[in-house]
Amino acid sequence: MAEINVGLIGQGFMGRSHSNAWGQVNRYCNPAINPVMHTVAGLPGEDVEGFAKRWGWQNPSTDWKATIANPEIGLVDIVTPNFMHMPPAVAALEAGKPVACEKPIAGTLSDARQMAKLAEEKGLPTFVWFNYRRAPAVAFAHKLIKSGELGRILHVRARYLQDWAGEDVPMAWRFKKELAGSGAHGDLNAHIVDITRFVAGVEVEEICGAYAETLVKQRKVLIGGTGAGISQDELIKAGANSGDTYEDVTVDDTVAFLVRYTNGAVGTYEAARQATGHKNDNTFEINGTKGSIRFSFERMNELEYYDARLPQGVQGWSTILCTNASSHPYVANYWPDGHLIGYEHCFISQALDICNVLGGKEAVVPLPSFNDAYQTQRVLEAALLAASEKRFVKMEEVY
Ligand SMILES: NC(=O)c1ccc[n+]([C@@H]2O[C@H](COP(=O)([O-])OP(=O)(O)OC[C@H]3O[C@@H](n4cnc5c(N)ncnc54)[C@H](O)[C@@H]3O)[C@@H](O)[C@H]2O)c1
């Protein structure tokens, strides 16, 4: 069996989820090419040896440039903060290596454009970890709509709400424009713009209004720790241990916008980090002329479906448990019917599809490339423009 050595750049929250995926994919699945966990690169202050040992990486490193330059590395996987996506991605592409990169593809549209352009010039495979595409219910929804089951798409409604970023949470890279690019917008709206493009097959033509607001304007400067991750308990503890110095938050906490798509359908998007009571509420609803679907990640094994072709007396929303190996994408790799899967399985399934594509096979459902993620980033940029200039923005204005 052919193998490819993976070099992982970063070892925080996504470092853990990707490490798990690279470690598990050969166990659960039969990828066309086997990933080998060759090197993980962290920051000098991090416990890189401990991380490598715990997650099964052969070599720890504190030098991401050397990791990418190592001729033994065949695939570079980037899980660093958003401002640090472009430098390793460019280094990897220049070295002739395929790249997998976390979302949003970059902190700025300009970085995203350069990354997509270079990937195209080099003709190398690129992948962006819009992992929610690989929840079986979401992949199934994509297939249902593609086969025409919902008819013509009329409405898309998407929201991604979390509540981890209360006033007690201290400063972290996610609250700084120069490190993150944007706040809830790039973090959460990026996912739902991608997921709706993927599931409904729609492309935004125009943003018809938007707001972008920072609700917590200052945060305590963190003393000690990294401020990494979004675990509310850990962040509040870190905040309690911090002093009384405050810094300005320079990104949004919430962004909402309305769109018109090229096919004439309309859509709404909302992202928030202080939507009290919503933990990881990545939800979309799509209405077509023949039926509708609804999904929320907090019940990720389920897809709600309304078939408007049934006799009126028996029409109603049904809840499909998407755990059937022969009907629902990816499930055959995991457990029998009704034995639920979780967040980490979306990443394992993405690792599977990446290895299949690199090994010459097709992905189960399409993988987002750098160019795909750049198109998503254009929508995000257009929404920010609509919010700051308080006007409609056509997509052709933003590139
Ligand atoms: N797909 C998803 O569902 C999902 C979820 C969370 C985060 N993300 C994305 O993953 C990326 C990382 O987020 P995270 O939550 O893992 O962050 P994190 O803060 O937990 O970890 C980031 C890691 O990057 C490395 N790093 C930080 N600064 C660096 C630098 N200057 N040079 C080299 N390495 C550096 C460190 O190893 C650090 O541990 C972000 O782009 C984020 O948007 C995606």
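**Entry 1: Val-169**

I looked up Val-169 and found it in the loop between strand E7 (153-161) and helix H7 (177-180). Helices (H or I, at least four residues) and strands (E, at least two) are DSSP runs, numbered from the N terminus. Residues are numbered from 1 along each chain as its sequence is written. I am reading a predicted model, in which local features need pLDDT of at least 70, side-chain atom pairs count only at pLDDT 80 or more, and totals for chains, interfaces and linings use all residues.

Is Val-169 buried or exposed? Val-169 counts as buried because it has 24 C-beta neighbours inside 10 Å. The cut-offs are these: a residue is buried if 20 or more other C-beta atoms lie within 10 Å of its own, exposed if 12 or fewer, and partly exposed in between, with C-beta atoms placed from the backbone. I also checked Val-169 against Tyr-305, which is 136 residues away along the chain, and their C-alpha atoms are separated by 38 Å.

**Entry 2: the two domains**

I noted the domain assignment of the protein chain: domain 1 is 3-131, and domain 2 is 134-340 + 360-369 + 375-387. Such bounds come from an automatic or database domain assignment. The C-alpha centres of domain 1 and domain 2 lie 23 Å apart.

How many residues of domain 1 are in contact with domain 2? I found 21 residues of domain 1 in contact with 24 residues of domain 2. Contact here requires that the C-beta atoms of two residues, placed from the backbone, lie within 7 Å. On the side of domain 1 that touches domain 2, helix H1 (13-28), helix H5 (109-122) and strand E6 (126-128) each supply at least two residues. E6 gives the most to that side, with 3 residues.

I sorted the residues of that side of domain 1 as 14 nonpolar, 6 polar and 1 charged. Ala, Val, Leu, Ile, Met, Phe, Trp, Tyr, Cys and Pro count as nonpolar, Asp, Glu, Lys and Arg as charged, and the others, Gly among them, as polar.

**Entry 3: a parallel sheet**

I traced an open sheet of 6 strands with parallel pairing, in the order E3-E2-E1-E4-E5-E6. Two strands pair if DSSP finds at least two bridges between them. Strand E3 (59-61) and E6 stand at the edges with a single partner strand each, so one side of each has no neighbour in the sheet. On average, neighbouring strands of this sheet are turned by 25° against each other, direction ignored. The axes behind such angles are lines fitted to C-alpha atoms, for helices over the stretch in contact, and angles run from 0 to 180 degrees between N-to-C directions.

I then took one pair from this order. Strand E1 (residues 3-9) and strand E4 (residues 75-78) run parallel and are joined by 4 bridges. Gly-7 has Val-76 in E4 as its bridge partner.

**Entry 4: strand E12 and its partners**

I counted 5 buried residues among the 7 of strand E12 (residues 266-272), which is mostly covered. E12 pairs with E7 in the parallel sense over 7 bridges, and Arg-157 stands opposite Thr-268 in E12. With strand E11 (residues 254-261), E12 pairs in the antiparallel sense over 7 bridges. Thr-268 is also the bridge partner of Leu-258. E11 and E12 form a hairpin with 4 residues between them, and Gly-264 in the turn has a positive phi of about 95°.

I followed E11 on to strand E8 (residues 204-213), to which 7 bridges join it in an antiparallel run. The bridge partner of Ala-212 in E11 is Val-255. E8 also pairs with strand E17 (residues 393-394), antiparallel, over 2 bridges. There Ile-207 has Val-393 as its bridge partner.

I listed the buried residues of helix H6 (residues 136-146), among them Phe-140 and Ile-145. What do the buried residues of H6 pack against? They pack against helix H8 (184-200), strand E13 (281-288), E14 and E15. Just after H6, Gly-148 takes a positive phi of about 90°.

I looked at E14 and E15 next. Strand E14 (residues 291-296) pairs with strand E15 (residues 302-307) in the antiparallel sense over 4 bridges, and the two form a hairpin with 5 residues between them. Gly-291 stands opposite Asp-307 in E15. E15 also pairs with strand E16 (residues 317-321), antiparallel, over 5 bridges. Trp-317 in E16 is the bridge partner of Tyr-306.
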